[in-house]
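This report is for a reader meeting the structure for the first time.

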Amino acid sequence: MIIISCGNSVDIAKKLAKQLKVKYSPLTVSAFPDGDIYLKFNTELKGKKVVIVQSFQPHSDMSLFDIVFAAETAKDLGAKKVILAAPYLAYMRQDKRFNPGEAISSRIMAKLLNGCIDKIITIDPHIHRYKSLKDIFTISTKKMTANLVMADYIKKRIKSGVIIGPDWESYQWAEEIANKIKFECTVFKKTRFSSRHVEEEMIKPVELKGKNVVIVDDIISTGHTMIEAAKKARKMKAKSVMAIGVHGLFVENGLKKMESYFDSIVTTNCIEHKTNKIDISPLLLEELKKEK
Ligand code: R5P
């Protein structure tokens, strides 16, 4: 087995290689003067299992391109199996045609990967209208969750409190985490007016006054969902408000916008960011050990 990275998730790739006691070999990825991608493997691949460790952020479009080029090249160079360990899988939110003429990006992304990868391992992909990854992938898939490591992180810092999912899809994270650490749990109703405008409403009433509130979501993108949920918690006189996201994208200065509403903002290292406090590499390690 060989672990490679295309530029994202380098720390996780190195960590996995060390723990699996296999070679880590970064790819050379650059561009020709006209912008065409240039990609080169720097190790022998014949007969080997190649694990590409690559999150889809930053730059989801180029990340996908790098993965497709790397996987195709690995096969061409004789790799026995190509596994993609993508802690964050992008494009999953566009899971239907919301407006006439739109691309269903998740299907297109999956189709590209189905053609060149043998197995995909990912963490908390945004599965909303699909039932599972099998709805779009024909290759072997393994979906892992950061719920337990997030629950441990919270429990070590807060004795009791309320976990809030800011929309009904996030209930799958909020409820499991709350059950694990015996916190109360509620879910808000989110109305999305645009990519940058959401409204939050509490539908299952829970007292927040004087309580520690932890808002849990899979993706923090612009941060508006988290901010609107935090505003509600502050209005209800919560004692403290923490944000935890599995995938912290923080686009458009999201972190700066969020800061004044939260006591702390924490993410897993599915996407490298200064808010990373929770390591998900043990999850990938567990699955990759089976492949060794
Ligand atoms: C969507 O339903 C996701 O679970 C997140 O709630 C969403 O991506 C967050 O986006 P933003 O941070 O831009 O509000």
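How much area do domain 1 and domain 2 bury between them? In this predicted model, the two bury about 1,300 Å² between them, with 54% of it on carbon and sulfur atoms.

Domain 1 covers residues 2–145 + 280–291, and domain 2 covers 147–269. Their C-alpha centres are 28 Å apart. Domain 1 gives 14 residues to the contact, and domain 2 gives 14 residues. On the side of domain 1, Tyr88, Asp124 and Ile280 lose the most area to domain 2, together 35% of what that side buries.

**Nonpolar cores**

In soluble globular proteins, nonpolar side chains tend to be buried together. Here the largest nonpolar core has 42 residues. Those with the most contacts inside it are Ile3, Leu16, Ile123, Met150, Ile154, Ile163 and Ile244. At least three residues of this core come from each of domain 1 and domain 2. Another core, of 40 residues, lies apart from it and has Phe56, Leu89, Tyr130 and Ile219 among its members.

Leaving aside residues up to four places away in sequence, Ile154 touches Ile163, Ile177, Ile181, Phe183, Val214 and Ile244.

**Helix α3**

Helix α3 spans residues 105–114, and its residues Ser106, Met109, Ala110 and Leu113 are buried. These four lie on the same side of α3, because they cover an arc of only 95° around the axis. The elements that cover the buried residues of α3 include α2 (60–76), β6 (81–86) and β7 (119–123).

**Backbone features**

Most residues other than glycine have a negative phi, and most peptide bonds are trans.

| Residue | Phi | Loop | Relative accessibility |
|---|---|---|---|
| Lys21 | about 55° | between α1 (10–20) and β2 (23–24) | 72% |

The peptide bond that joins Gln57 and Pro58 is cis, with omega about 0°. Pro58 is placed in the loop between β5 (49–53) and α2.

Key:
Residues are numbered from 1 along each chain as its sequence is written. This is a predicted model: local features need pLDDT of at least 70, side-chain atom pairs count only at pLDDT 80 or more; totals for chains, interfaces and linings use all residues. Side-chain values use heavy atoms; hydrogens and water are left out. A nonpolar core is a set of buried Ala, Val, Leu, Ile, Met, Phe, Trp, Tyr and Cys residues joined through side-chain atoms within 4.5 Å. Buried means under 20% relative accessible area, exposed over 50%, partly exposed in between (1.4 Å probe, protein chains only). Domain bounds come from an automatic or database domain assignment. Contact means heavy atoms within 4.5 Å. Helices (H or I, at least four residues) and strands (E, at least two) are DSSP runs, numbered from the N terminus. The arc is that of the directions from the helix axis to the C-beta atoms. Buried area is the accessible area (1.4 Å probe) that two parts lose on being put together, summed over both.
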